[in-house]
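This report describes how two chains meet in a structural model. The sequence and structure come first, then the account of the contact.

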Amino acid sequence: MLSPAARRRWRRHAAGYAFTGPALVVLAAFLLYPIGYSVSLSLHDWDGYTPRWGPFVGLENYRALAGDEVFWRATMNSVAFVVVRTPLEVGFGFLLALLLNRRLVVRSLLRTLFFVPVVMSLIVVTIIFQRVFEPNTGLLNTFLRAIGLGAWAHPWLGDPATALGAVIAVSVWKNVGFSLVILLAGLQGLPQDVVEAARVDGANAWQLTLRVITPLMRPILALTALLSIIGGLKVFDLVFIMTRGGPTYSTEVLATMLYREAFELNHMGVASAIAVILVTLVLSIARAQTFVLDEAPEGGKA
Amino acid sequence: MSTATDRRQPHLALRAMSRRKLLRLGVLSVAASPLLPRGGRAAAQTGGAQPAPTKTPTGELKNPAEFKSPRVKASGPTTISFWQYVGFHVDVQKFIAEEYKKRHDPNLSLEITAYPGLNEQRVGVKSALAAQSSTPDIIAIEPGAYAVDVSTSGSVLDFTKVFAEDPEYKRGLWPNALELLTINGAVVSVPAVTNTVIVYYNRGLFQQHGLEVPTTLEDLKKVGAALNAKGIMPIAYPAGQDRNFPIFPYYTYLGGIKADKLMREADLGLKRWTSPELVAGAEFVEMMAKSGLYAKGPLGIKEPDAIQIFATGKSAMFWGGQWMRRSIRAALPPSFDLGIFPFPAVVAGGPRPVLSSVGITLTVNARSKYPDLAFEMIKALTGAWGKIEYTRNLGLSPNGPISADAIAYQMQSLKDPLYPEFLKLQPTGTTRVIFTPAVEEAMTQGMQALITTQKTPKAVMESVEAASQKVGTRRFRTG
């Protein structure tokens, strides 16, 4: 039996529980349970076919990963994906947003054009770029030959030295429009009185951008960067379709390694360990980012 | 030459084809051969036993094989499920299932789920088997790793009982194809079709430059040099297509020195991957990569790219599979004179290696509620009558020998003069399946390293051997 105070408290919160309950159930069923399941599976050996999991192996799957050269390569590639992609995506997105925030005649057209890659099917994009990068008749090498730079023609996706760069370039091309839209919305929401005051004080365009607009945009830039980082860490489809992680693991990232371990090599325990590591990595970065934002001295809250 | 309509609906375009036109194709003028008797099968294994089509008698030909009645029939309306991964097979599978229903078992229906690709289907099947689901009843599996996985986990039924009850059905399947699907001494799956890996070539380009079809490796190198000198790429090789393509040259070499068995033993952990013959295979891969025979950057080339290179005359040859025949044909201009030849002998006096594969294979879920009906449906799809219908418009080779009459019947609707050529090659095929997933992965990566000249052949085979040893004792063995 509940005490009268508890009953009153329950009545006060009943509506809240009723409204949030369904969402919590969905969250628990489709997020928390799978995460718990993965963590548990990462401590077992299982081939994915037999109805019952194999034996409990403790941290053996993690230990195996720590000694696996391919895992470290995939991790480094994932990091490279983030380190190279995010500045390019956010940087170009910001530059384009600044450009499109001006009164240009073709502004609407340009906005649409830059956003087209975002809404294009990834499969279509990868097929197009496979053709672009094809070493013999591909658009890029044909163009290089046409302008007298035939010596630069290269098997972009077939050479381990250039394959990752080529895939990252496609990723940037595909996603820069998304950053642009967010940043443009941010620019249009800036307090105009501050910008005007800076202008009245004699700030030129460069000073205005660097000293006024950029600091004001910091939360939006951070948000865009966070989304790009998370997108970069969990990239799978683009790599899988374009190169399947090859050649010689040169484009292998954590997500493609996870897939390979789970569904090609039947190491479900190892694959789950990779999943746990990947989730931990993403959550840590997200937390670090929000921490930095929270600590921001001015305009810090997104 | 084929028109767009022909390509879309070859059976319609060809139904009206006159005998004279067929004769012009040059495939029906060969002397009649009898139906392959039992004794003919032994010869079939060693090559060239598939008969040429007979002369077409007047009137429309019919499937000459008997569509046998099943041993077991459904007692009431029953639907069995079938999960497969090759979309363009669905129509013919449906057709055979409908005929089966009409002629033999009106209660039995087949529900086909066609996944967009093998990866998606494998994930779906894996989940269903792990959940101990009785669906699907029939599973299309890929030989090699996938067949081993489902078999050794006890997830599928083998064909021992079926073959014992109907030995004639077993005799209708190529023995070398069944060998690829034999695990722990039992056949776990049967092929619906068979395929070959061969070299397509631009006959017109060869004639224009006075080149002969190469029969030895030295010939091939000379042809390659001559083509390169004229600014034509010799071979379009789509090594970037999937994880299997980079291993093709290796399999080819081992087929050419008849070391398939040695490879299988190494795959089972019984022999070392660093043995001289197996290292020689890797040396061959490296030699081919450095020979200038391939179009530049093969690992960056996928099938559609390679087909485009070949179809536009930028390369004179295309190294690929029979399954690409339709895509290639569709990309070719009307004047293109397409030919095929088996890869040249890799050693003096050796055979010309033709890689074979069994394409889509069918098996029965161990937890199926209707295993007998599922086996009967598989027999309908792959048996004497079914195999002729199955391959009639697909242009893929059947899963076993078919008669000359049957080929003539198929040629009524199949506008492809190369089809009988493929049929002649199939029985000579060598195996190209690795059973151990970790070894296959190491092979794929190793061959990529050889193609990009990142590693030496010896280092590659050492890494494959290391992967093999890491797997330890295999839980499976071949029959």
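## Interface of chain A and chain B

Across the interface of chain A and chain B, 17 residue pairs are in polar contact, both residues being at pLDDT 80 or more (a pair of N or O atoms within 3.5 Å; within protein, one must be able to donate a hydrogen and the other to accept it, and residues adjacent in sequence count only if both atoms are side-chain atoms). The model is predicted: local features need pLDDT of at least 70, side-chain atom pairs count only at pLDDT 80 or more, and totals for chains, interfaces and linings use all residues. Residues are numbered from 1 along each chain as its sequence is written, chains are lettered from A and ligands numbered from 1 in the order in which they are written, and side-chain values use heavy atoms, with hydrogens and water left out.

Three elements of chain A give two or more residues each to the side that touches chain B; they are DSSP runs numbered from the N terminus (helices H or I, at least four residues; strands E, at least two).

| Element of chain A | Residue range |
|---|---|
| α5 | residues 122–133 |
| α11 | residues 237–242 |
| α12 | residues 254–264 |

α12(A) gives the most to this side, with 5 residues.

The rule finds 3 salt bridges across the interface (a side-chain nitrogen of Lys or Arg within 4 Å of a carboxyl oxygen of Asp or Glu). A:Arg131 forms a salt bridge with B:Asp305, with 2.6 Å between the closest N and O atoms.

The contact (heavy atoms within 4.5 Å) takes 33 residues from chain A and 37 residues from chain B.
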